[in-house]
Amino acid sequence: MSRPPSVTYLRDPDLGFEIQLCRGEPHARHRHFHPERALAFIRGGTSRTVLGETEHLLVPGTLVHFPPGVSHSCDPPDPAAWSYDMLFLRVPEEPLPFGGPGAVLLPREERRTLGRLFRDLGSPRLPRGEREHRLYELLDRAASLLEDAPSLEPPRRDPRMEPVE
C-alpha cells in the first residue's frame, strides 16, 4: 500500500528560505518559473524534466539548480513514486555563486549528506542556530557539487515518456 501524497513546508523569513518536502504530490507539469533561486534533491521515482532548453531524466540522488526566472517542467511517469525536496532561496544577496541551470547525479556519499541536510532544514524542531548552520552547509556543498561534478550531459531521454504540453 502506498503512502498518501504529502507536502511539508517550512519557511524561515529571517534566513530567507522556504523548503518543501514533497512525496507523491501533484505538481506543475506545464512549463513555469520561480522568481527565486531553487535547489531540488530527488529522493524517489523519475521525471522527465525540461530545464531551460535542456531535457533531463532525473533519478534519485540528483541535485538540480533552478536559477531565478528559468522556465522548467517536470513530468514523472509515476507521480505516486515521485518524491523530492525543494529549497527556495529568497535572500537578495546570496552567499554563493551557482551559475546557470543544471542537474548532477551525486556520488553515493554526497546523496546521504545532502539528503540529511534537506531533511534537517525541513524539521520545525531544529533550533534556529542549527538551522542556519545546516543551510550554509547545504549551500556550500551544493555550489561545490554543481561546479565540480559532470552534468547530466548529454541529456538523458526516456523514449517512453510523453512530451510535455
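Residue numbers start from 1 along each chain as its sequence is written, and side-chain values rest on heavy atoms, with hydrogens and water left out. Because the model is predicted, local features need pLDDT of at least 70 and side-chain atom pairs count only at pLDDT 80 or more, while totals for chains, interfaces and linings use all residues.

Overall, the protein contains two helices and nine strands, where helices (H or I, at least four residues) and strands (E, at least two) are DSSP runs numbered from the N terminus. Along the sequence these elements follow the pattern β-β-β-β-β-β-β-β-β-α-α. Of the 165 residues, 50% are buried; here buried means under 20% relative accessible area, exposed over 50%, and partly exposed in between, with a 1.4 Å probe and protein chains only.

We can turn next to the sheets. Strands of a sheet pair through backbone hydrogen bonds, either parallel or antiparallel. Two strands are taken as paired if DSSP finds at least two bridges between them. Six strands make an open sheet in the order E1-E2-E8-E3-E6-E9, with antiparallel pairing. Strand E1 (6–12) and E9 stand at its edges with a single partner strand each, so one side of each has no neighbour in the sheet. On average, neighbouring strands here are turned by 15° against each other, direction ignored; axes are lines fitted to C-alpha atoms, for helices over the stretch in contact, and angles run from 0 to 180 degrees between N-to-C directions. Helix H1 packs on this sheet and touches E1, E2, E3, E6, E8 and E9, its direction making about 115° with that of E3.

Five of its five residues are buried, so E6 is largely enclosed by the rest of the structure. Both faces of E6 are covered, with Thr-62, Val-64 and Phe-66 buried on one side and Leu-63 and His-65 buried on the other. E6 pairs with E3 in the antiparallel sense over four bridges, and Ala-38 has Phe-66 as its bridge partner in E6. Four bridges also join E6 to strand E9 (residues 102–105), again antiparallel. In this pairing, His-65 is partnered by Gly-102 of E9, and Leu-63 stands opposite Val-104. Thr-62, at 0% relative accessibility, counts as buried. The side chain of Thr-62 reaches the backbone oxygen of Val-59 at 2.8 Å, a polar contact in the sense of a pair of N or O atoms within 3.5 Å; within protein, one must be able to donate a hydrogen and the other to accept it, and residues adjacent in sequence count only if both atoms are side-chain atoms.

A further open sheet has three strands, ordered E5-E4-E7, with antiparallel pairing. Its edges are strand E5 (54–58) and strand E7 (72–75), each with a single partner strand, so one side of each is left without a neighbour in the sheet. The twist from one strand to the next averages 15°. Strand E4 (residues 47–51) and E7 pair over four bridges in the antiparallel sense, with Thr-49 having Cys-74 as its bridge partner in E7.

Cys-74 is buried, with a relative accessible area of 11%, and Cys-22 is buried too, at 2%. With a disulfide taken as a pair of cysteine sulfur atoms within 2.5 Å, the count comes to zero.

Finally, the nonpolar cores bring these elements together. In soluble globular proteins, nonpolar side chains tend to be buried together. A nonpolar core is a set of buried Ala, Val, Leu, Ile, Met, Phe, Trp, Tyr and Cys residues joined through side-chain atoms within 4.5 Å. The largest such core has 24 residues, and Phe-17, Leu-39, Leu-63, Leu-87, Leu-114 and Phe-118 have the most contacts inside it. Strand E2 (17–23), strand E3 (37–44), strand E8 (83–89), helix H1 (108–121) and helix H2 (128–148) each supply at least two of its residues. H2 gives this core its largest share, seven residues. Another core, of 14 residues, lies apart from it and includes Ala-38, Ala-40, Leu-58 and Phe-88. Leaving aside neighbours within four places in sequence, the contacts of Leu-39 include Leu-87, Phe-98, Phe-118, Leu-138 and Leu-146.

Key:
Contact means heavy atoms within 4.5 Å.
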